[in-house]
Amino acid sequence: LSQKYVHILNMTSARIHSFLIKPDESLLSLQMHIETETGIAAANQELLLETGISLDPRKPASQCVLDGVRGWDSYMVYLFDKSSSVYEGPFAGRKLPEHVNYVVRDAKVLLPNVQLRKVWGEAVNYVCGLKDDYSRLFQGQRAAMLSLLRYNSNLTKMKMTMFSNSQQLKAKLDFFQCSIKLDLEKYSEQMAYGISSEKMLKAWKEMEEKAEACRHAAEIGHLEERIVGLHSEIVELQRSPYARRHGEVMEALEQKAIDLYRKLKGKSKDSHHYEDSTDMVKIIVQTVQNQDREIGRA
């Protein structure tokens with residue numbers, strides 16, 4: 001019971017990987033194990049908690065497991081590949097149980113009530129599993145969005161700091177260049193009296209050139225345009241229908257499967273009563289199709 005496991009949902013494949021965390025194990029050590037299983041290099045791994053917070057490399061791997069948060073097997077850490085911007089799969093699918101596969105291939109086959117209960121029980125479990133798989137993937141997508149919003153907030157703060165520093169630098173450059181100009185004017189006046197210094201004049205000219213170079217560095221207009229463009233893209237992502245949960249259909253299908261099974265259980269256990277699985281198979285097919293459609297959207 002004292003052992004701690006971390007469950008990593010690989011968002012590039014929809015596979016769950018579980019690792020036993022040793023006491024005081026470093027996050028890098030865990031990442032190397034993840035790299036071995038997933039093929040995603042440790043340097044390219046983005047590990048997010050469901051709050052969108054990235055794991056801290058300075059802290060031990062045990063930060064993945066939060067005590068007192070739901071069940072030990074329901075809390076996930078979401079793995080993203082920073083080297084890829086498009087996840088094309090293939091995504092791991094939930095294997096159809098043998099008995100359920102039998103009725104899916106022939107929904108019209110008649111089975112006795114007792115046997116049908118077992119098959120439909122497995123079918124309900126399969127449908128519930130598909131719904132849970134979708135919910136976990138959506139939660140991972142939500143974690144990524146929360147992380148993106150956090151980065152966006154930090155970027156906004158950095159933009160304001162950059163703008164303020166740029167204005168201060170420009171003000172100092174204006175004052176410096178005015179001082180250089182005044183010095184050069186005074187120097188020209190003194191030259192009329194034979195007072196001159198080539199070394200000092202050269203130093204002034206060099207400082208003037210350096211100041212002009214700094215002025216170019218203070219121009220941040222192009223950076224502001226890129227930041228505004230990035231903000232716009234993030235807003236579009238937030239407004240996108242794909243950023244919202246579409247699990248209502250999955251939940252409705254899950255409830256239909258449960259209700260159908262309950263209805264079957266309410267019937268007589270008479271072994272002479274036979275029935276086909278047309279309605280249950282229809283729910284299974286719709287659930288699989290809906291999950292494929294939702295994953296394809298993401």
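N290 is buried, with a relative accessible area of 2%, where buried means under 20% relative accessible area, exposed means over 50%, and partly exposed lies in between (1.4 Å probe, protein chains only). This residue, N290, lies in helix α7, and, leaving aside neighbours within four places in sequence, N290 is in contact with V249 and M250, contact being defined as heavy atoms within 4.5 Å. This is a predicted model, in which local features need pLDDT of at least 70 and side-chain atom pairs count only at pLDDT 80 or more, while totals for chains, interfaces and linings use all residues. Residues are numbered from 1 along each chain as its sequence is written, and side-chain values use heavy atoms, with hydrogens and water left out.

The chain has seven helices and six strands, which from the N terminus on follow the order β-β-α-β-β-α-β-α-α-α-α-β-α. Helices (H or I, at least four residues) and strands (E, at least two) are DSSP runs, numbered from the N terminus. Buried residues make up 34% of the 298 residues in the chain, and among contacts between residues at least 6 apart in sequence, 75% join residues at least 24 apart.

Four strands form an open sheet in the order β2-β1-β4-β3, with mixed pairing; two strands pair if DSSP finds at least two bridges between them. Because β2 (15-21) and β3 (45-48) stand at the edges, each with a single partner strand, one side of each is left without a neighbour in the sheet. The twist averages 30° from one strand to the next, and angles run from 0 to 180 degrees between the N-to-C directions of axes, which are lines fitted to C-alpha atoms, for helices over the stretch in contact. Two of the strand pairs are set out below.

| Strand pair | Sense | Bridges | Residues opposite each other |
|---|---|---|---|
| β1 and β2 | antiparallel | seven | I8 and H17 |

Across β1, β2, β3 and β4 (77-81) lies helix α3 (residues 113-191), running at about 70° to β4.

Helix α3 also meets helix α2: their axes come within 8 Å and cross at roughly 100°, which makes α2 roughly perpendicular to α3, a label used for angles of 65 to 115 degrees, whereas angles under 35 count as roughly parallel, those over 145 as roughly antiparallel and the rest as oblique. Here H99, V100 and V103 in α2 meet V119, E122 and A123 in α3.

The largest nonpolar core has 26 residues, of which V103, W120, V124, A257, M280, I283 and I284 touch the most other members; such a core is a set of buried Ala, Val, Leu, Ile, Met, Phe, Trp, Tyr and Cys residues joined through side-chain atoms within 4.5 Å. Helices α2 (98-105), α3, α6 (248-265) and α7 (278-297) each supply at least two residues of this core, and α3 gives the most, with eleven residues. Not counting residues up to four places away in sequence, I283 touches V127, L253, K256, A257 and L260. A second, separate core of 16 residues includes I8, F19, I40 and L47.
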